[in-house]
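The sequence and structure come next.

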Amino acid sequence: MSDDKRVGIVLVSHSAQVAASVAELAKGLAGGAEAVPVAPAGGTEGGGLGTSAELICAAAAAVDRGVGVAVLTDLGSAVLTVKALIAEGDELPEGTRLVDAPFVEGAVAAVVTAATGADLDAVEAAAAEAYGYRKV
C-alpha cells in the first residue's frame, strides 16, 4: 500500500517535547514505520505548556491522506480542544477522530497498526486496546 493511503496519526500533548518524543518512540518501536504520517501537536505557538487549536489543525492537515486521522491526547484541555474542533466540523480534515487511548501505549499501537495499512476503525481499536496492557 502506498503511504498516501495510510491513516494519519496526530499526538496532542501539553508539551511540545512530550508530543515529539512520543511520536519518535512510536515510529521507532514500529520499526521506523516511515510510511505512516505522524505529527506531534504539543504546547502552544509560543513554546509554552498548553494546547493550541492552530497546532492541532496544522498537524491534522499535514498527516491527512484521505483515509482518516486518529488523534490521541494526553490530558484534559487537549481532549476538550480536539472535541471542540471536531464539533465545529470544518477545522479538521474529514474523517478525523478523537481516539480514547493511553497516550504512549496507544500511540505505539496506532502507528504499528496504521503501518499495516489498516483502516481508521482498526487503528482506533488497536490504540484503545492499549488500556488493557498490564505491567505486572
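## Pro-102 and its contacts

In this predicted model, the contacts of Pro-102 beyond its neighbours within four places in sequence are Leu-72, Ala-107, Ala-127, Ala-130 and Tyr-131. Pro-102 sits in the loop that runs between β4 (96–98) and α4 (103–115).

The relative accessibility of Pro-102 is 16%. The cut-off for buried is under 20%, so Pro-102 counts as buried. Leu-75 is 27 residues from Pro-102 along the chain, and the C-alpha atoms of the two are 9.9 Å apart.

Leaving out residues up to four places away in sequence, Pro-37 touches Arg-6, Val-7, Gly-8 and Ile-9, along with Val-63 and Arg-65. Asp-64 is 27 residues from Pro-37 along the chain, with a C-alpha separation of 7.8 Å.

Strand β2 covers residues 38–42. Of its 5 residues, 4 are buried, so the strand is largely enclosed by the rest of the structure.

Strand β1 (residues 8–13) pairs with β2 in the parallel sense, over 5 bridges. Which residue of β2 is the bridge partner of Val-12? That partner is Ala-41.

Definitions and conventions
Residues are numbered from 1 along each chain as its sequence is written. This is a predicted model: local features need pLDDT of at least 70, side-chain atom pairs count only at pLDDT 80 or more; totals for chains, interfaces and linings use all residues. Side-chain values use heavy atoms; hydrogens and water are left out. Buried means under 20% relative accessible area, exposed over 50%, partly exposed in between (1.4 Å probe, protein chains only). Helices (H or I, at least four residues) and strands (E, at least two) are DSSP runs, numbered from the N terminus. Two strands pair if DSSP finds at least two bridges between them. Contact means heavy atoms within 4.5 Å.
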